[in-house]
Amino acid sequence: MSDLLDLASERLGGSVLYANDDFFAEKENLLKPSKPVWKEHEYTDRGKWMDGWESRRKRVPGHDFAIVRLGLRGVVRSVVIDTAFFRGNYPESASLDSTSMRADASVEDLLNAEWRPLLERSPLQGDHENTFKIDFKNAITHVRLSIFPDGGVARLRVHGDVVP
């Protein structure tokens, strides 16, 4: 299904609006159009440089999540949760929820929105393009990627059909 349009593409206006934790690697990396890369000897003031979104180890109950505004409203057919180069620090599982709101909805409104499951909590493999078929009929504008409990995701792709 990768021949379908990536509704979350930055080129189409997709944006990561919020993440509850992006201490090690910035949430904005999730939507980069390029394939993830590995830089052997690259470090930041927070540790090893990683091309993706990476949160800290959870020391309390819960999980981490990021909210993405799709560039184009549409019906999702498949998603790719790419954990490229995250070998020991990838999430054990992930889920994806959806909502349909105005493109200019505030982060506060999105945090309090009614979210509907798009992908139930599913196991992930590290250093792998984890692809999931989606059977959801409604057009949506935003997705919430939840990772359990924490870790790193290189890229998120949300493939589907545009619905004006």
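These legends accompany several views of one predicted protein model.

**Figure 1. The whole protein chain, from one end to the other.** Let's start with the overall picture. Starting at the N terminus, the elements follow the order β-β-β-β-β-β-β-α-β-β-β-β-β. The C-alpha trace covers about 45 × 35 × 25 Å along its principal axes. A compact globule of 164 residues would have a radius of gyration near 15 Å, and the chain's value of 15 Å agrees with that. Of the 164 residues, 48% count as buried. Among contacts with a separation of 6 or more, 80% join residues 24 or more positions apart. The chain exposes about 8,400 Å², with carbon and sulfur atoms supplying 48% of this area.

**Figure 2. Asp150 and Arg57 in a salt bridge.** The whole structure has twelve salt bridges, and here is one of them: Asp150 pairs with Arg57, with 2.9 Å between the closest N and O atoms. This pair links distant parts of the chain, 93 residues apart. Asp150 sits in the loop between β10 (140-148) and β11 (152-153), while Arg57 belongs to the loop between β5 (53-54) and β6 (64-82). Is Asp150 buried or exposed? Asp150 is buried, because its relative accessibility is 3%. Arg57, at 46% relative accessibility, counts as partly exposed.

**Figure 3. Arg87 and Asp127 in a salt bridge.** The side chains of Arg87 and Asp127 meet with an N to O distance of 3.4 Å. The two residues are 40 positions apart and link distant parts of the chain: Arg87 lies in the loop between β6 and β7 (93-99), and Asp127 in the loop between β8 (116-123) and β9 (129-133). Arg87 is partly exposed, with a relative accessible area of 49%. Asp127 is also partly exposed, at 34%.

**Figure 4. Glu92 and Arg121 in a salt bridge.** Which residue does Glu92 form a salt bridge with? The partner is Arg121, and the closest N and O atoms are 3.3 Å apart. Glu92 is in the loop between β6 and β7, whereas Arg121 is in strand β8, 29 residues away. Arg121 has a relative accessible area of 48%, so this residue counts as partly exposed.

**Figure 5. A network of salt bridges.** In this view, look for Lys32, Asp51 and Arg155, which are linked in a network of salt bridges.

**Figure 6. A nonpolar patch on the surface.** Finally, a view of the surface: Leu5, Leu12 and Val162 form a nonpolar patch with about 210 Å² of accessible area together. Leu5 is part of strand β1 (residues 5-6). With 38% relative accessibility, Leu5 counts as partly exposed.

Note on methods:
Residues are numbered from 1 along each chain as its sequence is written. This is a predicted model: local features need pLDDT of at least 70, side-chain atom pairs count only at pLDDT 80 or more; totals for chains, interfaces and linings use all residues. Side-chain values use heavy atoms; hydrogens and water are left out. Patches are made of residues with over 30% relative accessible area and no salt bridge: like charges are joined within 9 Å, nonpolar side chains (Val, Leu, Ile, Met, Phe, Trp, Tyr) within 5 Å. Accessible areas come from the Shrake-Rupley method with a 1.4 Å probe; for residues, only the protein chains shown count as cover. A salt bridge is a side-chain nitrogen of Lys or Arg within 4 Å of a carboxyl oxygen of Asp or Glu. Helices (H or I, at least four residues) and strands (E, at least two) are DSSP runs, numbered from the N terminus. Buried means under 20% relative accessible area, exposed over 50%, partly exposed in between (1.4 Å probe, protein chains only). The radius of gyration is taken over C-alpha atoms; the globule rule is 2.2 Å times the number of residues to the power 0.38. Contact means heavy atoms within 4.5 Å.
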